[in-house]
Amino acid sequence: MPSVNAYFSLGSNLGDREKNISEALRRMDEAFGTHYSALSKIIETEPFGFSGEAFLNAAVLYRIPAESPLWTLYQVKAIEREMGRTDAPEYDAEGKRIYHSRIIDIDILFYGKEIIDIPELTIPHKGIAERDFVLIPLREIARQSLRKAFPEYF
């Protein structure tokens with residue numbers, strides 16, 4: 001089966017944040033049937049868009065089976081739920097996302113060179129360019145192929 005490079009952002013600001021990220025990575029290894037190819041340093045950042053405890057953030061690269069981007073989304077959302085994340089996306093009257101503290105947040109940043117814009121999933125992930133907590137770790141692990149395909153982020 002063909003495979004694809006998939007980049008993810010991980011964040012946690014509840015409980016043992018470092019343990020939460022480690023556990024998410026272990027579960028992602030299991031779900032994808034492979035160990036990650038690259039992991040950034042873990043950085044501490046302030047919450048984005050709300051008040052709360054500081055986050056630990058990292059970026060990770062997996063070479064995964066090219067099932068589908070939605071299959072990949074379902075895998076990471078299942079991991080979030082299994083780890084105790086219960087909040088559903090919430091929006092204000094103008095349609096702007098309302099953010100909350102979370103035990104784990106796993107976002108698909110890139111899925112190969114695909115550009116996807118469907119109700120369930122947008123790739124590249126929205127807001128990457130405005131979020132240093134995503135860009136700093138991502139730039140640390142980004143392969144040349146990603147840099148060439150999406151130079152606006154590098």
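I started with Tyr-36, which sits in the loop between helix 1 (17-32) and strand 2. Helices (H or I, at least four residues) and strands (E, at least two) are DSSP runs, numbered from the N terminus. The model is predicted: local features need pLDDT of at least 70, side-chain atom pairs count only at pLDDT 80 or more, and totals for chains, interfaces and linings use all residues. Residues are numbered from 1 along each chain as its sequence is written, and side-chain values use heavy atoms, with hydrogens and water left out.

I looked up the accessibility of Tyr-36. Its relative accessibility is 24%, so Tyr-36 counts as partly exposed. Buried means under 20% relative accessible area, exposed over 50%, partly exposed in between (1.4 Å probe, protein chains only).

Next I listed contacts (heavy atoms within 4.5 Å). Leaving out residues up to four places away in sequence, Tyr-36 touches Leu-25, Asp-29, Val-60, Leu-61 and Tyr-62. I also took a C-alpha distance: Tyr-36 and Ile-64 are 28 residues apart along the chain and separated by 8.9 Å.

Then I turned to the rings. Rings of Phe, Tyr and Trp (its six-membered ring) pair if their centres lie within 6.5 Å; planes under 30 degrees apart count as stacked, over 60 as edge-to-face and the rest as tilted. I got 10 aromatic pairs by this rule. In the pair Phe-48 and Phe-133, the centres are 5.7 Å apart and the planes are at 50 degrees, so this pair is tilted. It links distant parts of the chain, 85 residues apart: Phe-48 lies in the loop between strand 3 and strand 4, Phe-133 in helix 3. Phe-48 is partly exposed, at a relative accessible area of 35%. For Phe-50 and Phe-55 I found centres 6.1 Å apart and planes at 85 degrees, so the pair is edge-to-face. Both Phe-50 and Phe-55 are buried. Tyr-36 came up again: with Phe-8, Phe-32, Tyr-62 and Trp-71, it forms one aromatic cluster.

I followed Phe-133 into helix 3 (residues 132-141). Its buried residues are Phe-133, Val-134, Leu-135, Pro-137, Leu-138 and Ile-141. Among the elements covering them are strand 1 (3-12), strand 4 (55-65), strand 7 (105-111) and helix 4 (144-149).

Last, I checked Glu-53, in the loop between strand 3 and strand 4. Glu-53 has 55% relative accessibility, so it counts as exposed. Beyond its neighbours within four places in sequence, Glu-53 is in contact with Asn-13 and Pro-47. From Glu-53 to Ser-12 I read 9.4 Å, C-alpha to C-alpha, across 41 residues in sequence.
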